[in-house]
Amino acid sequence: MSDPRDRRYVLTLGCPDRPGIIARISSFIAEFGGSIVEAGYHSDAETGWFFTRQAIAAATVPFGPTELHDRFAAVADELGSDTEWQVLDSARRRRAVLLVSRDGHCLHDLLGRAASGELPATIEAVIGNHPDLGEMAAAHGVKFHHVPFPKDPAERGPAFEQVRALVDAHDPDAVVLARFMQVLPARLCEHWAGRAINIHHSFLPSFVGARPYHQAFARGVKLIGATCHYVTPELDAGPIIEQDVIRIDHADDVPDMVRQGRDIERVVLARGLRWHLEGRVLVHGRRTVVFS
């Protein structure tokens, strides 16, 4: 954020639910005169977990985010060893690396949002397994890396290792599969766990895998959609961040569905990525809590 008055320290937390959690967090913040400017809470009756996101005006905190983190560690210990939490500083610009193939609609959208300041991140690099989108990235002043992938899936290990090295050089907060039409190997899913985000062009869990629009057309569906989710070793089954749909009818063929679906893909990916970067997504098992 450019205006120091807009700076926030964002505390997110998930732990087994019990009475007094909100009061303990609120009293901790009140002890140093912190002002909570945004707060979200959720108690999940099925799992017995409590989730919260607290945005604190940084101007009301008499110390920096590192000390805030260190001080809150004692509170987290009180809440139990299973407590999962973090403190984010909105003044720290987030970093993202985008992985692409040939379809450029999601890439074009994210580059435009980043350039206009709408996306709270710097796009550090674009990596493609085809060279087609290099000019688009260059037009926005973003470095493009072409990593060719062999046709034989069994021979793609070195290519994925090259992608890993290029991504890790930027230590990104998000690794975005912006219609990257390659299945990440399990080792990369685990290496980028909680950071790798995919846009799948169907309303999951329907039509997993390749050619979902063709699958949807064959089933005669009346709604098509898109899903932004975290990447896990199980194909298209990671925790879902955001979804949306659009209505179609019997007159729409596959190209019509692809054209209309691209609009949904752009919006869903942008929403999901923004929420991830702002610390609005808390993952618990296969599900997410999203304080949007």
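**Figure 1. Sequence separation of contacts and overall dimensions of the protein chain.** Among contacts (heavy atoms within 4.5 Å) in the protein chain between residues at least 6 apart in sequence, 67% join residues at least 24 apart. The model is predicted, and local features are given where pLDDT is at least 70, side-chain atom pairs count only at pLDDT 80 or more, and totals for chains, interfaces and linings use all residues. Residues are numbered from 1 along each chain as its sequence is written, and side-chain values use heavy atoms, with hydrogens and water left out. The protein chain holds eight helices and 13 strands, these being DSSP runs numbered from the N terminus (helices, H or I, at least four residues; strands, E, at least two). With a radius of gyration of 21 Å, close to the 19 Å that the globule rule gives for 292 residues, the protein chain is as compact as a globular protein of that length; the radius is taken over C-alpha atoms, and the rule is 2.2 Å times the number of residues to the power 0.38. Taken along the principal axes, the box filled by the C-alpha atoms is roughly 60 × 40 × 35 Å.

**Figure 2. Burial and surface of the protein chain.** Of the 292 residues, 47% count as buried, where buried means under 20% relative accessible area, exposed over 50% and partly exposed in between (1.4 Å probe, protein chains only). The accessible surface comes to about 13,900 Å², and 52% of this belongs to carbon and sulfur atoms; areas come from the Shrake-Rupley method with a 1.4 Å probe, and for residues only the protein chains shown count as cover.

Figure 3. Strand 10 (residues 223-230) is mostly covered, with seven of its eight residues buried. Strand 9 (residues 196-200) runs antiparallel to strand 10 and is joined to it by four bridges, two strands being paired if DSSP finds at least two bridges between them. His200 has Thr227 of strand 10 as its bridge partner. Strand 11 (residues 240-247) is also antiparallel to strand 10, here through seven bridges, and the bridge partner of His229 in strand 11 is Ile240.

**Figure 4. Leu110 and Arg113 in helix 3.** Leu110 is found in helix 3, as is Arg113, the helix spanning residues 105-116. Leu110 counts as buried at 1% relative accessibility, and Arg113 is buried with a relative accessible area of 18%. Leaving aside neighbours within four places in sequence, Leu110 is in contact with Leu98, Leu119, Ile123, Val176, Leu269, Ala270 and Leu273, whereas Arg113, with such neighbours likewise left aside, is in contact with Glu118, Leu119 and Ala270. The C-alpha atoms of Leu110 and Pro131, which are 21 residues apart along the chain, are separated by 18 Å.

Figure 5. In the loop between strand 9 and helix 7 (212-219) lies Pro205, which is joined to Leu204 by a cis peptide bond with omega of about 15 degrees. Asp171, in the loop between helix 5 (157-168) and strand 8 (174-177), has phi near 45 degrees, a positive value in a residue other than glycine, and is partly exposed, with a relative accessible area of 49%. Asp236, found in the loop between strand 10 and strand 11, also has a positive phi, near 55 degrees, but Asp236 is buried, with a relative accessible area of 12%.
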